[in-house]
Amino acid sequence: MRLDRPTGYVLYLLPGLWAALLASDRRPDLLAVVVLAVAAVLVRGAACAVNDVIDKDVDTRVARTVSRPVASGTISVGNALLFAAAQGVAALLVLTVANVEAALVAAASYPLIVAYPYMKRIFIWPTAFLALVMSVYVLIGWTAVTGSADYPLAVYGLYACGAFWTLIHDAIYSHQDKEYDRKIGVRSSALLFGKATKAWLTVFVVLSVGGVLWAGSRTSMGPAFYVIVVLAGVFLSSLVVRVDLDDPKSCWDAFVANTYFGWIVLAAVVAGQFT
């Protein structure tokens, strides 16, 4: 489940919280927030287990992942899949506490979660597929509060923000393993963009911040929202400038620091509703 490395859970959860608080309209739905947090841990845990099974042969050839349970033989493939299924079912049951519709939206994303590990073998830019999967939590967050899958335009702005943000933090993450990926033949953003990575990340920063600004323009957000979102964009830009893509530790630190961007955007949504 990678409970000892919570960054992945936070990156998955935060876009859902953006949408949930936007949908709450000045009356935060605390039950929905708790439900979304618990479900995010379970869905992410299931995704990690599935990923470990599909990538077990690759993980044994990468120093950073060789000790993962399935790759190291600590947990069998069968038990890992059972654990993944149990978490996936538990997540849906938790989401039904909010409403059945939220659980159905989450269930619809499960085939995409299972398909993602295969994208690294057949698709030149697997992160683009991951971006679409990760941002589904925006839709789940909105549905958990409203009980509706009829999404206003603002939700799609948040979805775009989350998708382009994923392109940023996963590209940085992938630079940790680029030499192994090159030898093994696995696709990644690091190998696709190469020396032009930072130029591409700059474009994604603009598009991510633009998505959330556009979302705000489709609602009645106050001026504080726009000020704080711009600050979030400055922070994200600084991460791109400072990260050393040839230093795995620098890449990991920048990947973890990406969570702050998500929290700042969340603060912008809250502040924008009361100013």
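Me: Over which ring does the charged end of R5 sit?
Reply: In this predicted model, the charged end of R5 is placed 4.9 Å from the centre of an aromatic ring. A charge is counted as sitting over a ring when, among other conditions, CZ of Arg is within 6 Å of the ring centre.

Me: How is the ring pair of Y12 and Y137 classed, given planes at 35°?
Reply: The structure holds 15 aromatic pairs, and in one of them the rings of Y12 and Y137 have their centres 4.4 Å apart. Planes under 30 degrees apart count as stacked and those over 60 as edge-to-face, with the rest in a class of their own. Because the planes of Y12 and Y137 stand at 35°, the pair is tilted.

Me: How many residues apart in the chain are Y12 and Y137?
Reply: Y12 belongs to helix α1 (residues 7-24), whereas Y137 belongs to helix α8 (residues 136-146). Y12 counts as buried at 4% relative accessibility, and Y137 counts as buried at 1%. The pair links distant parts of the chain, and the two residues are separated by 125 residues.

Me: Is S208 buried or exposed?
Reply: S208 lies in helix α12, which spans residues 197-217. Leaving aside residues up to four places away in sequence, S208 touches C161, F164, W165 and F261. Its relative accessible area is 0%, and the cut-off for the buried class is under 20%, so S208 is buried.

Me: Which residues lining the largest pocket are the closest to its centre?
Reply: The largest pocket holds about 1000 Å³ of space, and 43 residues line it. Elements giving two or more residues to this lining include α2 (30-54), α6 (100-122) and α14 (248-273). The lining residues closest to the pocket centre are R44, N51, R68, K120 and Y173.

Me: How many of the nine residues of α7 are buried?
Reply: Helix α7 (126-134) is among the elements that give two or more residues to the lining of the largest pocket. Its buried residues include P126, F129 and M134, and what covers the buried residues of α7 includes α1, α8 and α11 (189-193). Helix α7 is largely enclosed by the rest of the structure because its buried residues number eight.

Technical notes
Residues are numbered from 1 along each chain as its sequence is written. This is a predicted model: local features need pLDDT of at least 70, side-chain atom pairs count only at pLDDT 80 or more; totals for chains, interfaces and linings use all residues. Side-chain values use heavy atoms; hydrogens and water are left out. Helices (H or I, at least four residues) and strands (E, at least two) are DSSP runs, numbered from the N terminus. Buried means under 20% relative accessible area, exposed over 50%, partly exposed in between (1.4 Å probe, protein chains only). Contact means heavy atoms within 4.5 Å. Rings of Phe, Tyr and Trp (its six-membered ring) pair if their centres lie within 6.5 Å; planes under 30 degrees apart count as stacked, over 60 as edge-to-face and the rest as tilted. A charge sits over a ring if NZ of Lys or CZ of Arg is within 6 Å of the ring centre and within 35 degrees of the ring normal. On a 1 Å grid over the protein atoms alone, a cavity is a set of points where a 1.4 Å probe fits but cannot get out, and a pocket is an open set with protein on both sides within 12 Å along at least five of seven lines; lining residues have an atom within 4 Å of a point. Grid points are joined across faces, edges and corners, and a volume is the space filled by probe spheres set on the points.
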